[in-house]
Amino acid sequence: MRIALTLLFGLFLLGSVTGCAPKDANIDNKGMLEPATDNLDIIEIEAISMQLWQHAGFTIEHSIATATHLKGQIELLINTPNTTTLAATKDLWHEAHNQFREAATLSSIGAINPGLFAQIKQSFVLLDQQPIQPGYLDYFDVYQHSGIVNDLTLEITATAIRQQHGFSDDTDVSLGYHAIAYLLWGEKQRPYTDFEVADTLTEEQKQNGMRLIDLPSHRRNTLLALQTQLLIDDLSAFHYKLTHPASGLYNAYQSLPVRSRLQLWQQAISHSLIQTAQSVYLKNAETSSDTTPHNQYAGLDLENTQATLMGLQKITAIANQATDRAQQFEQQLAELMSDLSMKIKQRAQLKSKQKQAIANQLEELAELMQPITI
């Protein structure tokens, strides 16, 4: 049977390891299908698998661009703090973070195969780790002198801030999108005056041996600027690992049999859908230390969900020919995306039943992506 140059055809028909496998297929010691000997089929499957991997690289490349734009806006906020520059910076944070969330399916690859793709998981820990311990970064609740911002014993350098990331717990977050978000939003609504720097010290501060650079606003600004540069650095390092032929991550993907690569993407898509369906926002679970919305302080949870699905939709749109079942998947996903866009435009506050309905749709899509018997 000729294999169409299409992602979902490959996923639904060739990626399955259930049912009747091709007679000339071999199972290696990892339980993965070895490719069949039909050269035409393998060439076409190879093309699909490489398109997928290249698309992942393009997504991170776009994330570098939006993070660089965010860096410029943060510099403007630091130099000219006011309600307008702070609001614009928050908007650009959402734009940058949503762009990165389009790579959520790539994150799922690291989650379902942490042995072979540990570098993916490690990169997401640096870039998108959450939930965070807010008091680890800055003042929080009644703890007005807590966090890295107020700890004068800690120098704000790249080395020191990297060492602080995950120092004693996964919620000790000093790097990535969510650390930046807390410095911008604060616990509730951070005022722009938190970014205004003083040019003189009080007598008490002088007597305590403080310098201007020791004041919280100075340290907050320094930390925010540094975190944004480190975000770009980590995105760039991740992009290199995904795209450079000499990288271990690139070669790990290349080492897989071509059919197994498609199966990997199939499983990752399903995993990403289930993770999104089970998110605290959609399930409306009670907030606790280990169950928090992805944008805990920045908000716009529905937009975050939409960005994740937008990335998934781009993956499935790499090719447009499909089986009936794949067409059903694409149609249902498109309908869900349209519904989310409408709700976002209406600025709808979703009720629990509406959130559950979205979660159910996501779970149905994940079921459609499961391997079928052929």
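1. How many salt bridges does a search of the whole structure find? The search finds 10, a salt bridge being a side-chain nitrogen of Lys or Arg within 4 Å of a carboxyl oxygen of Asp or Glu. This is a predicted model, in which local features need pLDDT of at least 70, side-chain atom pairs count only at pLDDT 80 or more, and totals for chains, interfaces and linings use all residues. Residues are numbered from 1 along each chain as its sequence is written, and side-chain values use heavy atoms, with hydrogens and water left out.

2. R101 belongs to helix 3 (residues 83-101) and D128 to helix 5 (residues 118-128), 27 residues apart; helices are DSSP runs of H or I, at least four residues, numbered from the N terminus. Both R101 and D128 are buried (under 20% relative accessible area; exposed is over 50%, partly exposed in between; 1.4 Å probe, protein chains only).

3. A salt bridge of 2.9 Å, N to O, joins E102 and K314. E102 sits in the loop between helix 3 and helix 4 (104-112), K314 in helix 13 (residues 301-316), and 212 residues separate them. E102 is buried at 11% relative accessible area, whereas K314 is partly exposed at 38%.

4. D138 pairs with R190 in a salt bridge, the closest N and O atoms being 3.2 Å apart. D138 is buried at 0% relative accessibility, and R190 is buried at 3%. A network of salt bridges links D138, R190, D194 and R220.

Notes:
Helix = DSSP H or I, 4+ residues; strand = E, 2+ residues; numbered from the N terminus.
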